[in-house]
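Here is a friendly tour of a protein structure, one feature at a time. Keep the sequence and the 3D view at hand as you read.

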Amino acid sequence: MKRWIAIILVVLVLGGVIYYNKFYKQQPGGSGGGRGGAPSGQAGGKPGGGPTAVNVFVVTSQNLKDEVVATGSLLASEQVDIYPEISGRIVELNIQEGRSVSQGTLLVKLYDGDLQAQLLKLRSLEENNRRIEERNKQLLQRGGISQQEYDIIVTNLKGTLADIEVTKAALRKTEIRAPFSGSMGLRNVSLGAVVSPNTLIARLQQTNSMKLDFSVPEKYGSSVKIGSVISFQIDGSDKTFNGAVYAIEPGVEEATRNLRIRARVNNNSANLRPGTFAKVNLVINTSNALVVPTQAVIPQTRGSQVVVIEKGKAVFKDVKIGLRNASVVEVTQGLQKGDSVATTGLIFLRPESPVKIAKIDKLTGQTQSGEGPGAGNSASMK
């Protein structure tokens, strides 16, 4: 009995499947054909089913502002480590740590007693040689001596004068004076110490005006000019400081491919110190730059492409990219002002495929309908 029930159930299931396939799944005349595929011209439709509807952006020019963030270091406007030129004992020390000094101020005096004595000796010898030269000059005029003998006496006098200048130069080396006005650092010697040319006495820095060194990638090299304004911040302060670029390194560093830049910073308030780390913001402005929306650019292995709509067809063009921000990209080569660039449906477009313009995008986020006379003709948008 159970076997007959199972056979009946199998027959019923098979009959139901056959009935469904015959009367529901396949309807005569293809009346259900309207269900398959996307309507002709719908954005994202399959290729070959009609023009692909896309949004476009008309290439315009505008002033771009790009902000480059870099790290830098503050440097003193002038800085020198003070070393003696000769060895000697310090007999006078006029360094007040942390105080300002004027240019030419005597900072250190070394013992010069031996040099002073040598200078007195040479001056006595000079006086004697001058008297000898005057007497022999008169003898030469009378024919009492030869010209050769007189020349030897003159040479001796000139040698004595040269020795005096050498001694004076050595005496000047016993005095160390401030080469410029600035602030003294901490001294490393005391009065009476014997120093040599390798002994660091102190450091002198000029900090009322400071320098800021930083580097930017080489692609920004042509955009940075003398006089470009920079702003920066330092740790421990919420204040924003300003400066101006006054020098640019002629070459790019090969190791980093960065360009070194130096700016001048006013420090009359004495809030800045040499060696401080700085976070630098450099604003780069590009005038009359051709821009397109970021979504219109198609990255390639060796560059970028955009799709330009020409005579109702998609034309792929290689472009060179410049500055960019969150919404637009600068195109430096490959486009002209007024070109219509596709911004949507890019994955469905092929070279020379037919295109229908649905909307014209604006940078402000507003769109203009492309319907109406000539809406499907890209020539009217150029």
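## Two helices side by side

Helix α2 (residues 113–142) and helix α3 (residues 147–172) run roughly antiparallel to each other, because the angle between them is about 160°. Angles over 145 degrees count as roughly antiparallel, under 35 as roughly parallel, 65 to 115 as roughly perpendicular, and the rest as oblique. The axes of α2 and α3 lie 9 Å apart. Axes here are lines fitted to C-alpha atoms, for helices over the stretch in contact, and angles run from 0 to 180 degrees between N-to-C directions. The crossing of α2 with α3 is left-handed, a label used if the near helix is turned anticlockwise from the far one by less than a right angle (right-handed if clockwise). In the contact of α2 with α3 there are 14 nonpolar, eight polar and seven charged residues. Nonpolar covers Ala, Val, Leu, Ile, Met, Phe, Trp, Tyr, Cys and Pro; charged covers Asp, Glu, Lys and Arg; the others, Gly among them, are polar.

The model you are looking at is predicted: local features need pLDDT of at least 70, side-chain atom pairs count only at pLDDT 80 or more, and totals for chains, interfaces and linings use all residues. Residues are numbered from 1 along each chain as its sequence is written, and side-chain values use heavy atoms, leaving out hydrogens and water. Helices (H or I, at least four residues) and strands (E, at least two) are DSSP runs, numbered from the N terminus.

## Rings and a charge

How many aromatic pairs does a search of the whole structure find? It finds one. The ring centres of Phe232 and Phe241 are 5.5 Å apart and their planes meet at 25°, so this pair is stacked. For Phe, Tyr and Trp (its six-membered ring), rings pair if their centres lie within 6.5 Å; planes under 30 degrees apart are stacked, over 60 edge-to-face, and the rest tilted. Phe232 is buried at 1% relative accessibility, and Phe241 is buried at 8%. Buried means under 20% relative accessible area, exposed over 50%, and partly exposed in between (1.4 Å probe, protein chains only).

Now find Tyr246: the charged end of Arg264 sits over its ring, 4.4 Å from the centre. This description applies if NZ of Lys or CZ of Arg is within 6 Å of the ring centre and within 35 degrees of the ring normal.

## Positive phi in two loops

Arg257 is not a glycine, yet it has a positive phi of about 60°. You can find Arg257 in the loop between β11 (241–248) and β12 (258–266), where it is partly exposed at 46% relative accessible area.

Lys311, also not a glycine, has a positive phi of about 55°. Its place is the loop between β15 (303–310) and β16 (313–324). Is Lys311 buried or exposed? With a relative accessible area of 74%, Lys311 is exposed.

## Neighbours across the sequence

Ile284 belongs to strand β13 (residues 277–293) and is buried, at 2% relative accessibility. Although 218 residues separate Ile284 from Asp66 in sequence, their C-alpha atoms are 5.0 Å apart in space.

Gln103 sits in the loop between β4 (100–101) and β5 (106–110) and counts as exposed at 58% relative accessibility. Its C-alpha atom is 5.2 Å from that of Ala178, which is 75 residues away along the chain.
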